[in-house]
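Here's a quick briefing to read alongside the coordinates. Take a look at the fold first, then work through the points below.

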Amino acid sequence: MATNSRIKPVERATDRSWDEWLRFMDTIDAENLNHKQIALKVYEELDGAIEQAGWWAQAVTVAYEQYIGRRVPGQRPDGTFQLSVSKQTRLGMADLMQEWQRFAAEDEDVQGMVGGDPRIGGTDRRMTWRTKAKDGSTVIVTSEPKRNGTASIVVTQLGLATLESNDLARERWSAIVKRFLADIRNSPVE
């Protein structure tokens, strides 16, 4: 069943109660549709009515799928799991990515998890460090700029096989990000 943490934001953003969304799902026979089909119908319903209709269509669809027991929190439509860990930093976007690259290359836990050479890419909106984990899942570390000139680090791991492996990976990445933040606090910023 979807948790209040998913339902309340959906209700506020879409200006519809959860009961209204459930009635809508009944009218489109959502229980017999796949994730993409549901999300498309919800998007069509929201398009032009609210900002970020695509994002909220996904949020409504995921909340519904959790509500009917099709997936649990963190589970993706393909049955695998995904986690994210994020923290604000005092660094700007480019400096944050540079510091992450240095840290990741030296950190035993990061090196123990990754199974390939990272690819670094980016735009004015975000920079990414992407690689495969040894278990075959994907790890993406993103440096996302904030309006005040600083950036947040966002670690996402997707494609994990089980909820248990997802929970373990979340704990591991939380500890790694905590160490990373301590490391950059102790290093001089140029």
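Helices here are DSSP runs of H or I with at least four residues, and strands are E runs of at least two, numbered from the N terminus. On that basis the protein chain has 7 helices and 5 strands. Keep in mind that this is a predicted model.

**Overall layout**
- Reading from the N terminus, the elements go α-α-α-α-β-α-α-β-β-β-β-α.
- The C-alpha trace spans about 55 × 35 × 25 Å along its principal axes.
- Among contacts with a separation of 6 or more, 55% join residues 24 or more positions apart.

**Surface and charge**
- The chain has 190 residues, and 41% of them count as buried.
- Its accessible surface is about 11,000 Å², with 47% of that belonging to carbon and sulfur atoms.
- There are 26 positive and 28 negative charges, and their mean positions sit 2 Å apart.

- In soluble globular proteins, nonpolar side chains tend to be buried together.
- The largest nonpolar core here holds 29 residues, and W100, V110, W129, I153, W173 and F180 have the most contacts inside it.
- Elements giving two or more residues to this core include strand 1 (81-88), helix 5 (93-106) and strand 5 (151-160).
- Helix 7 supplies the largest share of this core, at 7 residues.
- What does I153 touch, leaving out residues up to four places away in sequence? Its partners include V85, L96, W100, V141, V177 and F180, along with S86, K87, T89 and T142.
- A second, separate core has 21 residues, among them L22, I50, W56 and V60.

Methods:
Residues numbered from 1 in each chain as written. Predicted model: local features only at pLDDT ≥ 70, side-chain atom pairs only at ≥ 80, totals over all residues. Heavy atoms only, no water. Buried < 20%, exposed > 50% of the residue type's maximum accessible area, 1.4 Å probe, protein only. Contact = heavy atoms within 4.5 Å. Areas by Shrake-Rupley, 256 points an atom, 1.4 Å probe, with all protein chains shown as cover. Lys, Arg positive; Asp, Glu negative; His and termini not counted. Charge placed at Lys NZ, Arg CZ, Asp CG, Glu CD. Core = buried A, V, L, I, M, F, W, Y, C linked by side-chain atoms within 4.5 Å.
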